[in-house]
Amino acid sequence: VSYNTVLNAWKRCDYDDDAVLNAVSLLARMATAGGAGGRDDEDDVPRPDVVSFNTVIGAYANSHRAEKARRAAVIFDKLLEEGLEPDTFSYAALINACASTDVDEEKRNALKIAMTAYDRLRVSADVDINHYIYGAMIKACRLTEDEDERIDLLRMLFMRCCEEGYLDASVLKQLRFTAPRRLWIELFGDEEENRSEELHPEWSRNVVNSRS
């Protein structure tokens, strides 16, 4: 059984909040491995790769811990400190950890972390944005109770999503749950629902429905 498989098993234990701590502990052990070929000679422990870090960030996203966004951001920073390049899944996991924060005292900081990750991803020359990112970012807008701020963020994200061709049914679903009614009417009129296939085809031109 590979170490990443074990990390993934801890990630899936979303019913046990100690699971993410076990994943963090195993990741720390992997990060201190220093053997030839990226493995610890004595215990045959591999160095962590991007998948390792992504899995632990995802474990925080799946957890019920109040500080999940801050802790996930720490793991993301450690990925960078290891000299690894984050991929789309790294950003998606971090933004999801922020978007699923449900403790009021943590929401403002979680939104800030999500926006920072999104801004960094947009200027990255090596990592592609996609509809999963936009869906997570739109969900993250629920973190603000300020309706005007939420509308401004959602309008910006929706326009960019359409311009970049990543609008699909999952993005629309998140928008429907998150957007105040006055924004929905501004974007779509009085229609209660809108399906992506009924909208401008250019808005969905870059959607790929399977994860690579």
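Glu106 is buried, with a relative accessible area of 16% (buried means under 20% relative accessible area, exposed over 50%, and partly exposed in between, with a 1.4 Å probe and protein chains only). The model is a predicted one, in which local features need pLDDT of at least 70 and side-chain atom pairs count only at pLDDT 80 or more, while totals for chains, interfaces and linings use all residues. Residues are numbered from 1 along each chain as its sequence is written, and side-chain values use heavy atoms, with hydrogens and water left out.

**Overall make-up**

- The protein chain has 10 helices and 0 strands (DSSP runs numbered from the N terminus: H or I of at least four residues for helices, E of at least two for strands).
- Along the sequence, the pattern reads α-α-α-α-α-α-α-α-α-α.
- The chain has 212 residues, and 46% of them count as buried.
- Of the contacts between residues at least 6 apart in sequence, 65% join residues at least 24 apart (a contact means heavy atoms within 4.5 Å).
- The accessible surface comes to about 11100 Å², and carbon and sulfur atoms account for 47% of that surface (Shrake-Rupley method, 1.4 Å probe; for residues, only the protein chains shown count as cover).

**Salt bridges**

- The count of salt bridges is 11 (a side-chain nitrogen of Lys or Arg within 4 Å of a carboxyl oxygen of Asp or Glu).
- Glu106 pairs with Arg70 in one of these salt bridges, with the closest N and O atoms 3.0 Å apart. The pair links distant parts of the chain, since Glu106 sits in helix 6 (residues 104-123) and Arg70 in helix 4 (residues 68-81), 36 residues apart.
- Arg108 and Glu149 form another salt bridge through their side chains, at 2.8 Å from N to O. Arg108 belongs to helix 6 and Glu149 to helix 8 (residues 147-164), so this pair ties together parts that are 41 residues apart in sequence.
- Glu149 has a relative accessible area of 24% and is partly exposed.
- Glu202 and Arg205 also meet in a salt bridge, at 3.7 Å from N to O. Glu202 counts as partly exposed at 42% relative accessibility, and Arg205 is partly exposed at 40%.
- One network, joined by salt bridges that share partners, holds Glu147, Asp148 and Arg182.

**Helix 1 against helix 3**

- Helix 1 (residues 3-12) packs with helix 3 (residues 50-62) at an angle of about 10°, and their axes are 8 Å apart (axes are lines fitted to C-alpha atoms, for helices over the stretch in contact; angles run from 0 to 180 degrees between N-to-C directions).
- Helix 1 and helix 3 are therefore roughly parallel (angles under 35 degrees are roughly parallel, over 145 roughly antiparallel, 65 to 115 roughly perpendicular, and the rest oblique).
- Helix 1 contributes Asn4, Leu7, Asn8 and Lys11 to the contact, and helix 3 contributes Val51, Ser52, Thr55, Val56, Gly58, Ala59 and Asn62.
- By class, this contact has 4 nonpolar, 6 polar and 1 charged residues (Ala, Val, Leu, Ile, Met, Phe, Trp, Tyr, Cys and Pro are nonpolar; Asp, Glu, Lys and Arg are charged; the others, Gly among them, are polar).

**Helix 9 against helix 10**

- Helix 9 (residues 169-178) and helix 10 (residues 181-188) have axes 8 Å apart and pack at an angle of about 135°. That angle makes helix 9 oblique to helix 10.
- Leu172, Leu175 and Arg176 of helix 9 meet Trp184, Leu187 and Phe188 of helix 10.
- The contact of helix 9 with helix 10 has 5 nonpolar, no polar and 1 charged residues.

**Helix 7**

- Helix 7 (residues 131-140) is mostly covered, with 8 of its 10 residues buried.
- The buried residues of helix 7 are His131, Ile133, Tyr134, Gly135, Ala136, Met137, Ile138 and Ala140.
- These buried residues pack against helix 5 (88-99), helix 6, helix 8 and helix 9.

**Pro86**

- Pro86 is placed in the loop between helix 4 and helix 5, and its relative accessible area of 6% makes it buried.
- Not counting residues up to four places away in sequence, Pro86 touches Phe76, Leu79, Leu80, Tyr91 and Val127.
- The C-alpha atoms of Pro86 and Asp126 are 9.1 Å apart in space, although the two residues are 40 residues apart in sequence.
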